[in-house]
Amino acid sequence: MTRTFDPIREMDRLLSDVTRTPATVAVPMDLYREGDDYTVAVDLPGVDPASIDIDVDDRTLTIRAERAAKVAKEAQWLSRERAMGTFARQLTLGHGLATDRITVEYTDGVLTLTIPVAETAKPRKVEVRHGSTTIDAMTDQAQVGSGEHQEQ
């Protein structure tokens, strides 16, 4: 099977290779939802927990951390692949999250943020009223209201 050359795709690949910085490579992240919580897990091995800074501004969550070199300045480097310096990662949060209840844990080089769904964004039951009869929208069963006769 032959592949056709796509110059746009090739240019995009080349530009992402060129613009990739060690910080973007060195900060992998997982994001998943479990029940009523979103979980963000960010790999930050070798980072001093005191250097971790997390900000929420409107709907933007910013995570910053610093990994300092622990090698003497006069060391002769043979290979240096681990990125050092300040790392940052930003996420745009959707509406309906309880950003005031975010919890954070840093264990074994993994920063874990748990972001709960706001109560106002959770699914809820809505009642439909018809005269004095209340109809449960979830079960479509009629309930008699205030001493009236039940409708069939």
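**Strand pairing and overall make-up of the predicted model**

Strands β3 and β4 pair in the antiparallel sense over five bridges; strands are DSSP runs of E of at least two residues, and helices are runs of H or I of at least four residues, both numbered from the N terminus. Two strands count as paired if DSSP finds at least two bridges between them. The model is a predicted one, in which local features need pLDDT of at least 70 and side-chain atom pairs count only at pLDDT 80 or more, while totals for chains, interfaces and linings use all residues. Residues are numbered from 1 along each chain as its sequence is written, and side-chain values use heavy atoms, with hydrogens and water left out.

On the β5 side, I63 has R89 as its bridge partner. A further bridge to β5 joins R67 and G85. Strand β4, residues 60-67, and β5 pair in the antiparallel sense over eight bridges.

Together, three strands form an open antiparallel sheet in the order β3-β4-β5. Its edge strands are β3 (53-57) and β5 (85-92), each of which pairs on one side only. Neighbouring strands of the sheet are turned by 15° against each other on average, direction ignored; axes are lines fitted to C-alpha atoms, for helices over the stretch in contact, and angles run from 0 to 180 degrees between N-to-C directions.

The protein contains two helices and ten strands. Read from the N terminus, the order of elements is α-α-β-β-β-β-β-β-β-β-β-β. Of its 152 residues, 22% are buried, that is, under 20% relative accessible area, with exposed meaning over 50% and partly exposed in between (1.4 Å probe, protein chains only). The accessible surface of the protein is about 11,900 Å², and carbon and sulfur atoms account for 50% of this area (Shrake-Rupley method, 1.4 Å probe; for residues, only the protein chains shown count as cover). Among contacts (heavy atoms within 4.5 Å) between residues at least 6 apart in sequence, 42% join residues at least 24 apart.

Ring interactions were also examined. The charged end of R80 sits over the ring of W77, at 4.3 Å from the ring centre; this requires NZ of Lys or CZ of Arg within 6 Å of the ring centre and within 35 degrees of the ring normal. A search of the whole structure finds zero aromatic pairs, for which the centres of Phe, Tyr or Trp rings (the six-membered ring of Trp) must lie within 6.5 Å, with planes under 30 degrees apart counted as stacked, over 60 as edge-to-face and the rest as tilted.
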